Amino acid sequence: VQLQASGGGLVQAGGSLRLSCEATSSISSAGMMAWYRQAPGNPRELVASITSTGFAQYADSVKARFTISRDNSKNTMYLEMSSLKPEDTAVYYCKARWGEGYYWGQGTQVTVSS
């Protein structure tokens, strides 16, 4: 199983981006999927997660600004990010669980300028 994250880039504060995480295997059989981020000098932190039934949870810092979703027909998970802030700058990683295994994507850089 491989996960390919994409969609990062440079955006001004207040702007929006959509991240994608495409899987090489069917995500309809995947359990929890999630987005994490890691800023320089900081530990990796959970941003948002979504269960196989679509139940989503968010870190307090991104609630009401980010939306996580998954499209089983495209084997892709998304993170819609709006009202971006400079503190959202980080490398964003996707993660998914199949059975007893956890798989990570390679990361995509998001930079928010003030």
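Which residue in β8 stands opposite Asp71? Select Asp71 and look across to β8: the residue there is Thr76. Keep in mind on this tour that the model is predicted.

**Stop 1: the sheet**

Stay with β8 and bring in β7. The two strands run antiparallel, and six bridges join them. Now select β1 and β3 as well. Together these four strands form an open sheet in the order β1-β3-β8-β7, with antiparallel pairing. Go to the edges, where you find β1 (residues 3–6) and β7. Each has a single partner strand, so one side of each is left without a neighbour in the sheet. Turn the view to follow the twist, which averages 15° from one strand to the next. As background, strands of a sheet pair through backbone hydrogen bonds, either parallel or antiparallel.

**Stop 2**

Next, turn to the charged side chains. Side chains of opposite charge can pair when their charged atoms come close. The whole structure holds six salt bridges. Select Arg18 and Glu80 for one of them; their closest N and O atoms are 4.0 Å apart. Arg18 lies in strand β3 (residues 17–23) and Glu80 in strand β8 (residues 76–81). The pair links distant parts of the chain, 62 residues apart. Arg18 is partly exposed, at 43% relative accessibility. Glu80 is partly exposed too, with a relative accessible area of 37%.

**Stop 2: Asp60 and Lys63**

Move on to Asp60. Its salt-bridge partner is Lys63, with the closest N and O atoms 3.1 Å apart. Lys63, with a relative accessible area of 45%, is partly exposed.

**Stop 3**

Now select Asp88 and Arg65. Their side chains meet in a salt bridge of 2.8 Å, N to O. Where in the chain do Asp88 and Arg65 sit? Asp88 is in the loop between β8 and β9 (90–98). Arg65 is in the loop between β6 (56–58) and β7 (66–71).

**Stop 4**

Show their side chains together to trace the links, and end the tour here.

Note on methods:
Residues numbered from 1 in each chain as written. Predicted model: local features only at pLDDT ≥ 70, side-chain atom pairs only at ≥ 80, totals over all residues. Heavy atoms only, no water. Buried < 20%, exposed > 50% of the residue type's maximum accessible area, 1.4 Å probe, protein only. Pairing = 2+ DSSP bridges. Axes fitted to C-alpha atoms, helices over the stretch in contact; angles between N-to-C directions.
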